[in-house]
Amino acid sequence: MVTLLISLLAAVVSTVVWYKEAPQDPWKVSILCWLFWGASLMWGVDAAFAFAKEGATSLQASAGECLQEGLLGMAVVALALVIWLARVLAADPRCVFRRKFS
C-alpha cells in the first residue's frame, strides 16, 4: 500500500509540473507522468487483487513491511527518474552536448 501511495504522489506531482509547462514540454515531463501513472496503476491493481483475496487483512502491515514497501516505492521513483534523465540527455533540449562535441 505504501508503494501505491508513493507512486500516486509522484504521479500527481509530475502531472502538475507537466501541466504547468504544457503544451511545450521541452523537458519531456510527460514521460515521467506516463511512468508514474503506469506504476500507480500496477500497484493499484496489485492492492485490489490482494484485498479481494485476503480481505481487510491485506491492509494491515507491520512496521518492517511498511519500511520495505517504502524502499520499493522510492526505488521505483528513482528508476523512473533515471529513465527520464536518460531520455532528456539523449534529446539534449538545450543543445549542450551538440555544441560541446561539434
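Colleague: In this predicted model, is K28 buried, partly exposed or exposed, and what is its relative accessibility?

Modeller: K28 counts as partly exposed, because its relative accessibility is 29%. Partly exposed residues fall between the cut-offs of under 20% for buried and over 50% for exposed. K28 is located in the loop between α1 and α2.

Colleague: Which residue of that loop is buried?

Modeller: D25 lies in the loop between α1 and α2. With a relative accessible area of 8%, D25 is buried.

Colleague: Is S40 buried or exposed, and what is its relative accessible area?

Modeller: S40 has a relative accessible area of 5%, so it is buried. This residue belongs to helix α2, which covers residues 29-54.

Colleague: Which residues does S40 touch, leaving aside those up to four places away in sequence?

Modeller: With that exclusion, S40 touches L4, S7, L8 and A11.

Colleague: Where is G44, and how far in space is it from L5?

Modeller: G44 is in helix α2. From C-alpha to C-alpha, G44 and L5 are 9.3 Å apart in space, although 39 residues separate them in sequence. G44 is partly exposed, with a relative accessible area of 24%.

Colleague: Which residues form the nonpolar patch on the surface?

Modeller: The patch is formed by M1, L5, L8, V12, V16, W37, F51 and L59, and together they have about 730 Å² of accessible area. Helix α1 (2-21) and helix α2 each supply at least two residues of this patch, and the largest share, 4 residues, comes from α1. V16 has its place in helix α1, and its relative accessible area of 55% makes it exposed.

Colleague: How much space lies in the largest pocket, and what lines it?

Modeller: The largest pocket holds about 330 Å³ of space. Its lining has 18 residues, of which M1, D46, A50, S58 and E69 lie nearest the centre. Helices α1, α2 and α3 (63-91) each supply at least two lining residues, and the largest share, 5 residues, comes from α2.

Terms used:
Residues are numbered from 1 along each chain as its sequence is written. This is a predicted model: local features need pLDDT of at least 70, side-chain atom pairs count only at pLDDT 80 or more; totals for chains, interfaces and linings use all residues. Side-chain values use heavy atoms; hydrogens and water are left out. Buried means under 20% relative accessible area, exposed over 50%, partly exposed in between (1.4 Å probe, protein chains only). Contact means heavy atoms within 4.5 Å. Patches are made of residues with over 30% relative accessible area and no salt bridge: like charges are joined within 9 Å, nonpolar side chains (Val, Leu, Ile, Met, Phe, Trp, Tyr) within 5 Å. Accessible areas come from the Shrake-Rupley method with a 1.4 Å probe; for residues, only the protein chains shown count as cover. A salt bridge is a side-chain nitrogen of Lys or Arg within 4 Å of a carboxyl oxygen of Asp or Glu. On a 1 Å grid over the protein atoms alone, a cavity is a set of points where a 1.4 Å probe fits but cannot get out, and a pocket is an open set with protein on both sides within 12 Å along at least five of seven lines; lining residues have an atom within 4 Å of a point. Grid points are joined across faces, edges and corners, and a volume is the space filled by probe spheres set on the points.
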